[in-house]
Amino acid sequence: MERREVAAWVAVGLIVIGLPSAVLGYQHWLRLAAAEQRVIDIQAYAPERGGFAPDAIRVAVNEPVTLRFAAMDVTHGVALGPGLGVDLGHIDPGKVKEISLTFDRPGTYTYYCNTWCGPDHWRMRGTIQVIDPANPDLLPAAQPDPVIAALIAEGVDIDAQHDAGRKHGDAPALIIERPPSAQRGATLFGSVTIPPEVSDPAWRRSHPPAHVLELLRQTNRQAPQADLIDVVAYLWTTDTAPETLAAAESLYNKNCAACHGQTGGGDGPAAGTTAEKPVAFADAAYLFERRSDVLYAKIRRGGMGTDMPNFGTLFTPEETWALVEYLWTLPVSALPEPR
Amino acid sequence: MTRPPSPLSMRPRPIWVLFGLVTFAVLVAPLPGAAGAATREIALDATQFEFAPGRVHVNRGDRVVITLTASDVVHGFYLDGYGLERRVEPGITEQIAFTADKPGKFRFRCAVSCGPLHPFMIGELIVERNTPYWRAVGVVLVAAAGMLVHLWQSGKTRSSQEVINGTG
Ligand SMILES: [Cu+2]
Ligand SMILES: [Cu+2]
């Protein structure tokens, strides 16, 4: 054979064998080795079609992982919590979104859908168990929530029929003629005698506004009822920074509005599908008889058998309090200027 | 043959007064539901796999405010001709405002794949020609009728004249 013929054979051999092996080698070996990361593919189906697959994953502490979510049927939204601050937003059918992260301590986290995607949307959740490779069976036990523990110790039944058998929708004991205005309350605030305990935000969390209204009526006998209602509305809407309220509003719109309604009318598009009617937070007469800590407990623990989901495994306590503060703004017509 | 106009023919005949009134009415009468450029608020709900209402009528020049909701899964709204696009999530109301400045029939379709029949999720926006257009049409019709009456009347007048002159 001539030298040029040999060279040609070598070139052909390189193309026929070398090219595929380079491509396949890169795909199956080099790329994975370079990424040096576990990639976990999670398919998202509406709950009626199975929800997340898989719906439970295990990763080791300090092990970098990439979670890759693919929407299979309709648009979903994927967020991770509590306290991870990950919200991947909408994922349309056929699209994929991924997040790489490393957990630094053992514990349990949740990936969940935050875009209404079917009647059972709120059951669309999956768990991430972060284990210590040295001790794979030892997961930190869930800590009891101190607020809920305190309510139980106080003898408050979170699931008690609200207000001695009165259900939402019945005629309220408290009559509020027009939506309370916290803005007006702010201007009246100086002219009203406030009992000292009422100024304490922690005290207010465990007392309903209706109770404070009663106290104010006793200390301000000449003041019109409407004025006192506005002052109470002011007291219940001043504890939170506007940024926190804005974040809570976004959380509410994504996770709660489909049932409770965007403006709190209890009339979201899924309101007709729940075992009990979702509460209308915009009903001031109703909400003013509720305690913040009970609302908090209900959000974290859910309402047994009512189809009110539990959000304790999705949100941090701080996020939950912010949601409660946001609920208080729903029946109020005008918020005061931020201080 | 020119005759000085008689005092009688100086006075407009009742029939022309009637035409004048009709023309005036066509020009200024408030038409039901189509008074000038109005703000049209339309609640549009998206479900698998249709929009409700499926057909929307507005007048040209109207300010259209669509309150868009979704009741089951995420949908979208894309309006042909106007190039408006929005995505809507159950529970979160979206508002789309625009001026209907192009007349005609435009399709709006779902812009987010929402299931097997998604491609058939289509509605229709009909932008009617606006009131000035219809008024102009009205005036033209009245004028045409006037013309006919005029021809008929002048024919009648001439023949009576001819009868009087005994030339008929
Ligand atoms: Cu989903
Ligand atoms: Cu659709």
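**Ground rules.** I treat this as a predicted model in which local features need pLDDT of at least 70 and side-chain atom pairs count only at pLDDT 80 or more, while totals for chains, interfaces and linings use all residues. Residues are numbered from 1 along each chain as its sequence is written, chains are lettered from A and ligands numbered from 1 in the order in which they are written, and side-chain values use heavy atoms, with hydrogens and water left out.

**Copper, chain A.** I looked up the protein donors of the copper ion (ligand 1) and found A:His76 (ND1), A:Cys113 (SG), A:Cys117 (SG) and A:Met124 (SD), lying 2.1 to 2.5 Å from the ion. Donors here are N, O and S atoms within 2.8 Å of the metal (3.2 Å for Na, K and Ca), and water is not among the atoms, so sites may look incomplete. The angles among the four donor atoms run from 94 to 124 degrees, and the site is tetrahedral (four donors with all angles between 85 and 135 degrees).

**Copper, chain B.** For the copper ion (ligand 2) I noted B:His75 (ND1), B:Cys110 (SG), B:Cys114 (SG) and B:Met121 (SD) at 2.0 to 2.6 Å. This site is also tetrahedral, with angles of 99 to 122 degrees among its four donor atoms, and its donors follow the spacing H-x34-C-x3-C-x6-M. B:His75 in strand β5 (residues 75-79) of chain B and B:Cys110 in the loop between β8 (104-109) and β9 (122-128) are 35 residues apart, a pair that links distant parts of the chain. Strands (E, at least two residues) and helices (H or I, at least four) are DSSP runs, numbered from the N terminus.

**Helix pair.** From α6(A), A:Pro209, A:Val212, A:Leu213, A:Leu216 and A:Arg217 meet A:Gln225, A:Leu228, A:Ile229, A:Val231 and A:Val232 in α7(A), where contact means heavy atoms within 4.5 Å.

**Backbone.** I recorded a cis peptide bond between A:Ala53 and A:Pro54, with omega about 0 degrees, and A:Pro54 sits in the loop between β2 (52-53) and β3 (56-60) of chain A. In chain B, a cis peptide bond joins B:Ala52 and B:Pro53, with omega about -5 degrees.

How values were computed:
Tetrahedral: all angles 85-135°; square planar, octahedral: opposite > 155°, others 65-115°.
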